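Trainee: I'm new to this one, could you walk me through it?
Mentor: Gladly, have a look here and then ask away.
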Amino acid sequence: MGVSRRRGAVALAVGIGLLMTACAKHAPQDTLKPNGPAARTIDHLYVPVFWIAAVIFVLVQGLLLVFLFKYRDRGERDERPEPVQLHGNTKLEFGWTVVPAVLLALVAAATLPTIFKLAKKPTNPINVTVVGHQFWWEYRYTDPDIGVVTANELHMPVGRDVYITEDGTLRKPDGTLDADVIHSFWVPRLNGKTDMIPGRVNHMKLKADTPGVYLGQCTEFCGLSHANMRLKAIAETPAEFDAWVQTMKKPAATPVDGDPAFAGYQLFTSRGCAGCHTVDGYTEGLVGPNLTHVYSRTSFAGALFDMSPANLSKWLRNPPGEKPGSRMPNLNLTPDEISKLVAYLETLK
Ligand code: CUA
């Protein structure tokens with residue numbers, strides 16, 4: 001028993017060690033490596049609180065171990081006299097009440113300004129309304145000069161705040177809520193988590209110091225593919241961002257008879273895709289992501305798969321098989337229909 005338990009403990013320690021090494025090497029979602037003002041504000045609170053807590057932990061657990069060892073039961077050979085029995089010690093009791101109270105007051109004093117700082121509305125932000133769906137993100141750029149709708153990949157210029165409104169009160173034309181269940185939006189290197197709750201409105205801000213792709217994901221259990229509900233925040237230079245907006249504002253590609261993509265374009269309406277997806281000026285589905293410029297994105301299906309003809313084909317063959325719980329049903333498309341549809345999707349850039 002003793003040996004196997006010791007082996008178990010060693011295996012656990014080695015496992016945790018390996019896990020930590022692996023995390024340190026490839027940690028695109030490392031909240032301890034902030035790369036924006038909001039995440040840094042949180043980090044500046046987290047680090048001192050962590051060290052205060054660590055010192056107390058070591059002190060308390062250390063003393064506990066010392067006393068456990070020193071005063072352990074030595075059986076019948078224990079010839080030490082009974083310790084002096086005490087009742088009440090005003091100094092001690094006063095001490096262990098006041099010291100933790102002071103420590104917690106210090107932590108609160110540091111936490112309150114952080115909360116207000118994070119909640120402060122930024123000046124001149126880019127406004128984006130985010131809606132959580134099972135299992136993907138919808139972004140609506142609501143500033144009149146942008147006016148873009150996209151999914152999963154949030155574009156943002158570096159050095160400028162994005163003010164995110166997680167609006168759970170928006171409704172479709174038929175009166176049902178856009179939002180389905182509670183999700184939580186998290187880009188660890190840019191800010192903390194904020195829940196998106198049907199019927200409520202929450203806000204958060206994101207700003208990146210340097211260009212790059214910041215990975216994030218849903219962090220509130222929302223169903224079968226909660227773990228597959230990923231996102232990318234793509235921070236780019238202001239010029240690149242403007243170019244992206246211009247691309248997104250272009251009308252959708254519309255193949256004409258004779259184009260290789262024309263058959264897929266027709267299948268898009270006849271095989272049911274149009275019932276759920278919008279392609280601006282062509283279809284008006286409001287269930288799935290807007291596909292007007294889908295092929296300009298680097299990933300799809302909740303940023304789960306890299307964008308490629310092969311991955312799109314695999315996806316169209318059986319969406320719930322690729323991503324459990326997917327609202328997109330298996331339409332029993334034939335291989336020929338799939339290749340035609342993928343040829344059309346590739347033109348939606
Ligand atoms: Cu959405 Cu978990």
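Trainee: Which side chain makes a polar contact of 3.1 Å with R297?
Mentor: That is T150, whose side chain is joined to that of R297 at 3.1 Å, a polar contact being a pair of N or O atoms within 3.5 Å, where within protein one must be able to donate a hydrogen and the other to accept it, and residues adjacent in sequence count only if both atoms are side-chain atoms. This is a predicted model, in which local features need pLDDT of at least 70 and side-chain atom pairs count only at pLDDT 80 or more, while totals for chains, interfaces and linings use all residues. Residues are numbered from 1 along each chain as its sequence is written, and side-chain values use heavy atoms, leaving out hydrogens and water.
Trainee: And what backbone oxygen does the R297 side chain reach?
Mentor: The one of N290, at 2.9 Å.
Trainee: Which residues does R297 touch overall?
Mentor: Leaving aside residues up to four places away in sequence, R297 touches T150, A151, E153, P289, N290, L291 and M307, with contact meaning heavy atoms within 4.5 Å.
Trainee: Changing topic, how many residues has the largest nonpolar core?
Mentor: It has 32 residues, and those with the most contacts inside it include W137, F185 and L206; such a core is a set of buried (under 20% relative accessible area, 1.4 Å probe, protein chains only) Ala, Val, Leu, Ile, Met, Phe, Trp, Tyr and Cys residues joined through side-chain atoms within 4.5 Å.
Trainee: What does L206 touch?
Mentor: Not counting residues up to four places away in sequence, L206 touches several residues, among them L154, M156, V162, I164 and F185.

Key. Buried means under 20% relative accessible area, exposed over 50%, partly exposed in between (1.4 Å probe, protein chains only).
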